[in-house]
Amino acid sequence: MRNLEKPTRYRRLPAASAVLCVFVSLAGCHSRFVEATIDNQGSRALHVVEVDYPSAGFGTSTIPAHSQFHYRFKILGSGSVKISFTDDMGKPRTSTGPELDEGQEGSLSITVNQDGNVQWTSVLRQP
């Protein structure tokens with residue numbers, strides 16, 4: 001009597017192909033986000049902190065002295081990023097940062113020093 005079953009190596013081929021297809025499809029599904037950090041290095045709190053970026057913004061009511069605030073966002077559109085806040089003496093401050101382009105990803109650091117001056121550091125990649 002003749003064995004009509006396929007050899008073992010051919011039975012594993014569909015399963016291996018399915019696994020490979022899943023990995024290939026997942027590799028193409030990558031959302032591009034920017035990890036933002038506002039670092040208050042001053043000895044006083046920052047109040048009503050707002051960061052505006054192309055098509056949206058985020059913020060928080062207070063960042064205590066020597067503290068950080070983290071936020072993750074996706075860039076839709078192109079334009080500059082800007083921070084505004086009120087220092088502990090009630091003085092409004094603003095600073096404009098780098099230009100952002102839709103689809104970029106990476107990190108953005110906004111450091112507010114003791115004098116309320118802002119330093120921007122970005123490591124952003126194009127898609």
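**A loop residue, a pocket and an aromatic cluster**

In this predicted model, Gln104 sits in the loop that lies between strand E6 (92–100) and strand E7 (105–112). Is Gln104 buried or exposed? Its relative accessibility is 7%, and because buried means under 20%, Gln104 counts as buried. The side chain of Gln104 also reaches the backbone nitrogen of Asp101, at 2.8 Å. When the neighbours within four places in sequence are left aside, the residues in contact with Gln104 are Arg32, Val34, Ile75, Glu99, Leu124, Arg125, Gln126 and Pro127.

Rolling a probe the size of a water molecule over the atoms shows where empty space is left. The largest pocket holds about 170 Å³ of space, and of the 16 residues that line this pocket, Arg44, Asp87, Asp88, Gln114 and Gly116 are the closest to its centre.

The last stop is the aromatic rings, of which the structure holds five pairs. One of them is formed by Tyr53 and Phe58, whose ring centres lie 6.3 Å apart with 45 degrees between the planes, an arrangement that is tilted. Both Tyr53 and Phe58 are buried, and these two residues belong, together with Phe69, Tyr71 and Phe73, to one aromatic cluster.

Conventions: Residues are numbered from 1 along each chain as its sequence is written. This is a predicted model: local features need pLDDT of at least 70, side-chain atom pairs count only at pLDDT 80 or more; totals for chains, interfaces and linings use all residues. Side-chain values use heavy atoms; hydrogens and water are left out. Helices (H or I, at least four residues) and strands (E, at least two) are DSSP runs, numbered from the N terminus. Buried means under 20% relative accessible area, exposed over 50%, partly exposed in between (1.4 Å probe, protein chains only). A polar contact is a pair of N or O atoms within 3.5 Å; within protein, one must be able to donate a hydrogen and the other to accept it, and residues adjacent in sequence count only if both atoms are side-chain atoms. Contact means heavy atoms within 4.5 Å. On a 1 Å grid over the protein atoms alone, a cavity is a set of points where a 1.4 Å probe fits but cannot get out, and a pocket is an open set with protein on both sides within 12 Å along at least five of seven lines; lining residues have an atom within 4 Å of a point. Grid points are joined across faces, edges and corners, and a volume is the space filled by probe spheres set on the points. Rings of Phe, Tyr and Trp (its six-membered ring) pair if their centres lie within 6.5 Å; planes under 30 degrees apart count as stacked, over 60 as edge-to-face and the rest as tilted.
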